[in-house]
Each structure stands twice: as structure tokens, then as C-alpha cells.
Amino acid sequence: MATAPWTRRHILSLADFQPEEYDTVLQTAASFQEVLSRRTKKVPALQGQVVANLFFEPSTRTRSSFELAAKRLSADTLNFAPGTSSLTKGETILDTAKTYLAMGTDIMVVRHREAGVPHAIAEEMDRLQSRVGVFNAGDGQHEHPSQALLDLFTLCTLLDPEKPRLSLLNGKKIAIVGDILHSRVARSNIWSLTASGAEVHLAGPPTLLPKLFADFVQTKSAALNRQLVLHWSLEPALQDADFVMTLRLQKERMTNHLLPSLREYHQRFGLTHERIKLCRPEVKVLHPGPVNRGVEISSELMDDPQISLISQQVTSGIAVRMALLYLMGSGKQKEES
Amino acid sequence: MATAPWTRRHILSLADFQPEEYDTVLQTAASFQEVLSRRTKKVPALQGQVVANLFFEPSTRTRSSFELAAKRLSADTLNFAPGTSSLTKGETILDTAKTYLAMGTDIMVVRHREAGVPHAIAEEMDRLQSRVGVFNAGDGQHEHPSQALLDLFTLCTLLDPEKPRLSLLNGKKIAIVGDILHSRVARSNIWSLTASGAEVHLAGPPTLLPKLFADFVQTKSAALNRQLVLHWSLEPALQDADFVMTLRLQKERMTNHLLPSLREYHQRFGLTHERIKLCRPEVKVLHPGPVNRGVEISSELMDDPQISLISQQVTSGIAVRMALLYLMGSGKQKEES
Amino acid sequence: MATAPWTRRHILSLADFQPEEYDTVLQTAASFQEVLSRRTKKVPALQGQVVANLFFEPSTRTRSSFELAAKRLSADTLNFAPGTSSLTKGETILDTAKTYLAMGTDIMVVRHREAGVPHAIAEEMDRLQSRVGVFNAGDGQHEHPSQALLDLFTLCTLLDPEKPRLSLLNGKKIAIVGDILHSRVARSNIWSLTASGAEVHLAGPPTLLPKLFADFVQTKSAALNRQLVLHWSLEPALQDADFVMTLRLQKERMTNHLLPSLREYHQRFGLTHERIKLCRPEVKVLHPGPVNRGVEISSELMDDPQISLISQQVTSGIAVRMALLYLMGSGKQKEES
């Protein structure tokens with residue numbers, strides 16, 4: 001299957017991703033998945049290039065995934081640690097990014113607790129006519145595109161390991177459960193899943209759901225809205241679902257009085273073997289991790305290899321991030337030559 | 001000298017190490033020591049493999065040693081930093097380990113302040129039928145096998161640089177001095193040294209010595225007990241000793257009222273040039289580091305290159321950890337082929 | 001242009017740097033700058049060698065620069081993180097350094113908040129007859145030689161990109177503005193700039209200027225003193241200047257009552273487009289970073305690519321540090337062979 005040429009310098013949001021871009025990512029990730037099954041799991045694709053992980057919001061898990069993906073492409077990696085950084089000395093975020101640019105960074109992987117920071121860095125990089133690619137590794141409550149793409153890859157390779165493609169999810173019913181309102185994972189997934197033609201059902205307590213879709217996903221597309229359904233209870237979302245994505249519950253929602261207690265949350269929205277009997281028999285469950293066991297999902301269900309795709313998601317993360325870094329890097333080389 | 005084939009997937013404890021295993025480690029480390037004397041100190045043995053350092057208890061010194069050993073085998077390394085980790089988000093240790101497994105880690109080097117954590121991770125990895133090897137880099141007051149093996153290598157290469165082997169220590173008198181009760185270093189060393197046929201003399205204040213040997217080393221072997229002698233004072237342990245291992249004193253023992261003062265401790269159990277006159281003339285002194293100068297050992301003795309083996313221990317650490325990572329990795333490859 | 005053979009094992013201070021040494025560094029850096037313009041930006045010069053970054057004072061920016069320089073020379077790097085280190089366990093700095101020596105470190109890059117620490121480590125390494133090179137990456141208020149050398153390289157390549165050499169600055173007027181008294185950057189720059197034959201004008205508030213030059217630069221050289229001029233106001237320093245170096249203002253100077261307020265400081269010593277009209281028309285401005293925007297320099301001036309050399313300084317940092325690490329490493333190899 002031939003893939004479309006890659007033209008995107010930055011990976012910031014899935015809002016404007018085109019179907020052929022999703023397919024290129026899926027097929028490239030599939031070919032890296034094959035590399036990862038070999039004894040020597042490295043390719044020289046990004047030899048001599050520098051990937052800087054600018055994690056203003058710390059996350060060992062996601063940073064390790066990006067770092068390993070970069071190393072398996074033979075890139076050199078730099079880790080920016082906020083605690084010991086110039087930020088404490090009053091340097092602005094853009095100045096930090098410009099410093100890493102001037103050092104010769106090729107790709108910046110950026111995580112920040114404020115929405116929009118990766119975009120601002122990308123704009124500045126473009127304004128300076130650099131060829132640096134900026135990769136949004138999670139910005140506030142806005143987007144987390146690589147998480148949604150690894151979720152997509154996990155689902156599509158399950159349905160067709162040889163030829164994962166967006167259209168495989170057409171017509172599937174996918175439930176997303178939990179704190180939709182504050183979730184960058186949900187937001188990015190809504191873009192990719194609706195693009196595939198799936199029906200997306202969002203379920204959560206009213207305080208954790210968006211009031212207006214149009215506000216939430218920043219689109220007025222009627223077609224998109226028809227694919228999105230909102231529920232204040234779990235059952236209608238699970239009914240005949242093909243896949244269920246449950247989201248991490250941030251404990252600070254409780255202190256903010258948006259939630260009564262973890263126990264009550266689990267009783268109403270926690271996934272269990274019992275609950276998912278409402279779904280289709282071959283249902284699979286996803287979670288972006290790290291999991292609060294016994295809150296979003298029961299320990300038993302999380303550890304059930306027949307139903308839980310959580311480990312596969314982590315594994316997909318390496319292949320998908322390799323694919324995205326590779327596509328960003330190869331686009332760059334085309335410009336140069 | 002041919003070495004026995006390696007069958008051990010994990011390095012967790014020396015309690016059940018066999019003499020031929022010790023000899024394989026010693027001989028493999030000797031061959032890496034030779035590599036380290038060349039201009040290019042790297043070998044491609046673990047090319048493309050991933051070694052993750054999961055140091056739940058921070059230790060730059062030991063982590064650097066493992067990291068450098070892995071890099072000299074051409075492995076890719078990942079460092080897990082507890083301060084910035086998902087653990088603060090409530091993820092369990094086993095879930096952290098499973099995440100690194102799913103990313104494609106081949107060997108996990110685990111340090112934790114609780115005894116048994118590396119074993120628990122190893123059991124989980126086996127239960128999941130992964131081929132990941134788990135390396136105990138120090139668990140609570142339980143074991144620190146690589147430290148004992150590098151001590152063994154330091155002693156055996158001193159006695160025969162060409163052919164270090166366990167039997168070289170047969171009949172030697174070795175004193176271990178200090179806080180035996182709380183020391184994972186002492187515990188692991190007791191296994192290897194008694195296996196060699198050495199006589200091991202433990203000396204320390206009564207509050208820092210085990211009450212019952214059988215409890216301490218979890219064995220009722222009469223043969224083992226005959227090789228272990230306990231002293232409440234330093235002198236009988238040093239008398240005619242071939243080697244003296246002094247242990248790091250944890251300052252918190254004072255706040256726990258197990259010790260009166262550092263000064264009094266040094267007066268009674270601190271090693272000095274004067275004190276070690278009781279030992280054999282060619283005596284050598286070891287310390288696992290970092291040293292509290294003037295507490296466990298006088299600065300003069302620590303810095304005396306004729307007597308102190310402390311630098312050699314650090315150097316041995318690289319060769320021995322390379323050997324162990326290599327043996328774990330090569331055993332893995334045999335399973336695959 | 002042939003370069004003089006390199007004989008210096010450590011880079012600690014520029015106080016005794018010879019003109020031919022400056023030229024060797026400049027020419028070697030120029031050749032690495034050329035490497036950095038290629039697609040594959042790595043050379044195998046330090047393959048198998050270990051560069052340990054011992055940053056007792058944290059600095060992500062400078063550490064990243066050294067780390068990337070080392071990686072582009074194909075060295076393996078180790079990062080020592082003070083927060084998680086044995087230092088909290090009471091180990092001395094020299095013992096930490098000796099541990100990294102014993103592990104097989106080839107070059108130690110040392111930053112510490114106390115002046116003289118890199119020198120003390122270098123002396124200890126020599127006393128032990130090791131061949132380790134020690135690189136001062138900033139010690140207290142004493143010196144920061146690689147910063148001054150990258151500033152020098154930035155200026156000289158501007159004047160002659162093909163053949164950067166010390167003599168290009170002969171007769172130039174260079175102003176250094178700000179907290180001269182506490183600045184290791186100023187101190188190192190004074191050595192290199194006066195060596196070039198430039199006229200160096202120091203300007204700052206009286207509380208932040210040295211009282212006596214002889215004390216400050218520890219020299220009684222009349223020739224040197226003739227090249228150094230001191231000003232309590234900005235204007236005479238800027239008048240007809242070819243280059244202006246502004247220094248970072250440490251905020252703690254305010255709490256120490258050495259300065260009234262940031263606003264007043266900016267009014268009197270902050271660089272702006274307006275102010276630098278006093279300089280020669282082709283004037284360029286430098287800053288070691290990170291910048292307090294609107295304090296030492298206006299945001300507009302800092303971001304003006306016609307005048308500000310701040311990005312070039314960061315880029316030069318990689319080439320200059322590659323050159324210095326390479327020269328230290330190659331000197332080492334000559335001794336061995």
C-alpha cells in the first residue's frame with residue numbers, strides 16, 4: 001500500500017488531519033512495528049539528528065516512550081528537566097525553545113500544562129524560518145495527538161494487523177468514559193475517531209462533560225456532531241459498544257468539588273467485567289495510563305488480557321512515535337535536498 | 001577456561017548461586033576488564049537492546065555504573081526518575097514495570113527501599129511470559145548482588161588477575177565491620193564469601209549485629225554457620241585477617257538511638273592504619289562507598305593506595321555489571337533462537 | 001592554516017592561555033562548525049570515550065550544550081544530578097570525582113557554585129596520575145572559559161568566517177556591561193579579549209564593579225591594565241564600541257541591597273536601540289543567556305537579528321565545546337600512543 005507524501009512539519013493537533021495522513025501514520029507505524037519484532041530493533045533513519053524532549057510538565061512514562069522511539073531511529077536525544085532549568089531563572093518558554101533551536105535541535109517534543117504552548121513554539125520556529133518540527137506531547141486540556149494516534153493504531157492493527165487503516169473503524173461504536181471535559185486525550189481521540197466514521201459516545205458525570213459540543217471541539221460541523229453522542233450515565237454508552245476507552249481521573253477534581261468521592265465515581269462510571277456485559281461480546285477496553293486501579297476500571301478487568309488493550313497501547317506508542325518522528329524528519333530532508 | 005552455560009534470567013539474590021555461576025561471572029568480567037583496557041571500550045553485545053534503570057530509591061553512583069556498563073555493551077538506556085514519575089500519580093510499582101515491559105525493555109535494573117520489590121517484578125515478568133531479565137540493584141536491607149560480585153571480583157583478580165575464580169578465597173579470613181544488621185551489602189557478601197570457603201568474621205556494636213544467624217541469613221546450614229563468626233568488638237575480627245570490608249554507616253542509626261555518636265563509633269569500629277596492624281601484613285581494605293570519612297575508616301587509610309581497594313571496587317563494578325548484563329542478555333538470545 | 005599541537009590536559013581558566021592556543025581553538029571550532037552544516041552532524045572522534053557532566057550547580061542549558069557536543073563527537077555521556085546524589089549522603093566532591101574516575105571517565109565537565117572546585121578536582125586527578133581532563137563549566141564567580149571562548153568564536157567568525165583568529169579583534173572597542181564584580185563570564189572574557197589586543201570597557205553600577213583591577217583580574221600587568229577601562233555609567237563605554245556584551249543580572253543582588261530596583265537598573269544600564277546609537281553603526285550585542293528581558297536588554301533589541309548575536313552564541317557553543325573536548329581527548333590519545 002503506497003503512502004501519501006508527508007508534508008506536515010509539526011504534529012500539534014488532529015483537528016485538521018486528513019484521512020490520508022492518518023493512513024500514512026498507520027502504515028508507517030506498522031512497518032516500524034515489524035522492525036521492533038526483529039532482534040536488532042534500530043534503524044538509522046534519524047542518525048545525527050537531535051530530538052529534544054522539552055517536558056515543562058514532567059512525565060517519565062511519556063518522555064521515556066518518546067526517548068526510546070527517537071533512540072530506535074538512531075537520533076541523539078536531549079532531555080530538558082524543568083526543575084533544574086533556566087525557567088527558574090526567569091527565562092521565557094520561547095527563549096528556552098530558541099536556545100534549543102540554536103544548539104541544532106531538529107525536533108522538539110513539547111509537553112506543557114498550558115494549552116497552546118507547543119503551537120506558540122511552532123509559530124516562533126516558523127517565524128524564524130527554522131526547519132525545526134514541533135511535536136505536541138500534551139498541552140494542558142487541549143490535545144495529545146500521539147496518544148490518540150497510538151490508540152487508533154492499537155484498534156486498527158487489532159482489526160487488520162497487516163493493513164491498518166482508518167476506514168476499519170467506520171461504523172464502529174466507541175465509548176469514551178470519564179472526565180471528558182478536562183481530557184486532552186479525549187479531545188484528540190474525538191478528532192481521529194470521528195474522522196474514521198466511528199460513532200463516538202461520551203459518558204461521564206455532568207460536571208465532567210462539556211456543556212456544548214460546539215464549544216468543546218471547536219467545530220460546527222453537523223456531520224461531526226451527528227457522530228458524537230453525549231450521556232450522563234454509563235449504560236447507554238456501553239450498550240453494544242465495540243470499544244471502550246476509559247480516561248484517567250485526576251484526583252484534583254475531587255478537591256475542586258467536581259466529584260463526590262472516588263468510591264462513588266467507581267460505582268457509577270468504573271468499568272468492570274459485570275458492566276461491560278452490555279457491550280458487544282468481543283469488546284476491548286483501552287486506558288491511556290497511568291491507571292488508578294479500582295477507580296476508572298477494576299483491577300481484574302485491567303489485567304484481563306482478553307479484554308484490556310492497555311499493554312498493547314504502550315507498545316503501539318513506540319511504533320507510532322517512531323513513525324511520527326520519522327515522517328517529520330523525512331519531510332525535513334526533502335526540503336533540504 | 002571454559003565457562004558453564006548461563007541459565008539464570010534474573011539476578012535477584014546470591015542465596016542460591018552455584019560455584020560455577022560465580023566462576024562464570026568472574027571469568028566473563030575478566031574478559032570485559034580486558035576490553036576496558038583497550039582504546040575503544042565498547043562491544044556490540046547488546047546492540048538494539050534496552051536497559052531501563054528503575055531506581056525508585058535514587059542513587060547516582062550505582063545508576064551511573066549500570067548506565068555506563070549498558071552503554072559499553074551498546075545497549076540503549078532509559079532512566080526512570082522517581083521524583084517526576086507516575087508514582088506520584090498513584091501508579092503501582094508493578095504497573096510501572098509493566099509499562100516499561102510494554103515499551104520493549106529487555107533488562108530492568110531495579111533499586112527500591114523495600115526488600116523484595118525486584119523479586120515481585122521478576123515474578124510478574126515471568127507470569128506474563130515475558131523474557132525480561134530483572135536485576136536487583138539493591139532492595140531495602142535484603143540484597144545487593146552486584147556489589148558482592150564486584151567485591152568478589154576485586155579480591156579474586158588481586159589474587160590471580162588472569163584467572164579469577166571462587167576457590168582463590170578458600171581458607172582466607174575476611175572481616176566485615178559495621179552495621180551488619182541493616183546491610184544488604186553484608187548480606188550478599190556473606191553468600192558469596194562463604195560459598196568460596198572463606199572464613200567470614202562479622203564485627204559491630206551489638207545493636208547493629210543480627211541476634212541469630214539462622215534468622216539473618218535464612219539458612220540452617222551447619223557448614224555455613226561454621227564459616228561465620230560473630231564479634232562484638234573489632235580486634236578478634238581483624239586478627240590475622242586477609243581482607244577487611246567496612247560498611248557504610250547510615251546516619252539515621254543515630255537518630256534511632258542504635259548508636260551513641262559518630263565519634264564513639266569511630267573509636268570502637270573505625271578502621272585506621274594503627275588498628276589494621278592486627279591483620280596480616282598484606283591486608284587490603286574494601287568499602288562499598290560512599291564513605292563517611294573519619295567514621296567507618298580514617299581518611300589516611302582510605303587514601304592509602306597500598307591498602308585501600310576502594311577505587312578498584314568502582315572499576316570492577318563496570319566490568320562485573322557488563323558481565324552480568326551480557327550473561328542475562330545472551331541467555332535471552334539463546335531462548336529466542 | 002596549521003594549528004599548534006595541543007598540550008593542555010584541563011580547561012580551567014583563560015588566565016594563562018597563549019595566543020596560539022586561542023587560535024587553535026578557533027580554527028578547530030571552525031572545522032566543527034562545518035561538520036554541523038552537513039546532514040550527518042556526527043564524527044567518531046571520541047568514540048568509546050566517556051564524558052561525565054558533574055553539574056553540582058544545576059544548569060540545563062549549559063549541560064545540554066556540553067552533552068550535545070560530546071554526543072556529536074560520539075562519546076558516551078553520564079549526567080550527575082546533585083539532587084539525587086551521594087552528596088546528600090555526605091560524600092565529598094573529590095570522592096565523587098574519584099568515583100567517576102574509577103568508573104573510567106575520560107573527561108569531567110564540572111560546574112560548581114564555589115570558585116576553585118574544578119581546579120581542585122584537576123589537581124587531584126593529576127596527583128593520582130590519571131589522564132582525565134577536567135573542564136571548568138563555571139565555578140562560582142571565578143571563570144567560565146567555554147563561554148568566553150564561544151563569545152570569542154562568535155566575534156571572530158563574524159569578522160572572518162573562513163579564518164577566525166584572535167588578532168581580528170586587535171584594536172576593537174568592546175564594552176562589557178552589568179554586574180562585572182560577580183561575573184565569571186566577564187572574568188573569562190577579560191582574559192581572552194585583552195589577549196586579542198582589544199580595548200575592553202567595563203560599565204556598571206559602582207556596587208557591581210571591582211574596586212581595584214589588580215585584585216579583580218589578579219594581574220599587575222601594566223599592559224593589561226592599559227587595555228581595561230572602568231566606567232560608572234553606560235555612555236562612555238558604548239561610545240564608538242564595536243561590540244557590547246551585556247551580562248545577566250542575578251536577581252539576588254537586589255535582596256543584597258546592591259541594587260535599588262530592576263526598573264532603575266534598566267533605565268541606567270539596560271541596552272536599547274536608542275542607547276546603542278552611541279556605538280559604531282555596525283555594532284553587535286551579545287548576552288550569555290538566559291536573558292532577563294527588559295532588564296539587561298530590551299526585548300526589541302534582543303530579538304533584532306541585525307544586531308543581536310545571542311542565537312549565534314548558542315550555536316557557537318556547540319562547535320567550541322566540540323573543539324575543546326576534541327582537543328582534550330586528542331591530547332590524551334597522544335600520551336597513550
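Biologist: Hi! In which order do the 5 strands of the open sheet in chain C lie?

Modeller: Their pairing is parallel, where two strands pair if DSSP finds at least two bridges between them. Strands here are DSSP runs (E, at least two residues) and helices are runs of H or I (at least four), numbered from the N terminus. This is a predicted model, in which local features need pLDDT of at least 70, side-chain atom pairs count only at pLDDT 80 or more, and totals for chains, interfaces and linings use all residues. The order is β7-β6-β5-β8-β9.

Biologist: Which are the edge strands of this sheet in chain C?

Modeller: Residues are numbered from 1 along each chain as its sequence is written, while chains are lettered from A and ligands numbered from 1 in the order written. An edge strand pairs on one side only, and this holds for β7 (228-231) and β9 (284-286) of chain C.

Biologist: What is the bridge partner of A203(C) in β7(C)?

Modeller: Strand β6 (residues 199-203) of chain C runs parallel to β7(C), and 4 bridges join them. In β7(C), A203(C) has as its partner H231(C).

Biologist: Over to chain A: how many residues does domain 2 of chain A give to the contact with domain 1 of chain A?

Modeller: An automatic or database assignment sets the domain bounds: domain 1 of chain A covers 19-143 + 315-336, and domain 2 covers 145-313. Their centres, taken over C-alpha atoms, are separated by 26 Å. Contact means C-beta atoms, placed from the backbone, within 7 Å. Domain 1 of chain A gives 23 residues, and domain 2 of chain A gives 24.

Terms used
Two residues are in contact if their C-beta atoms, placed from the backbone, lie within 7 Å.
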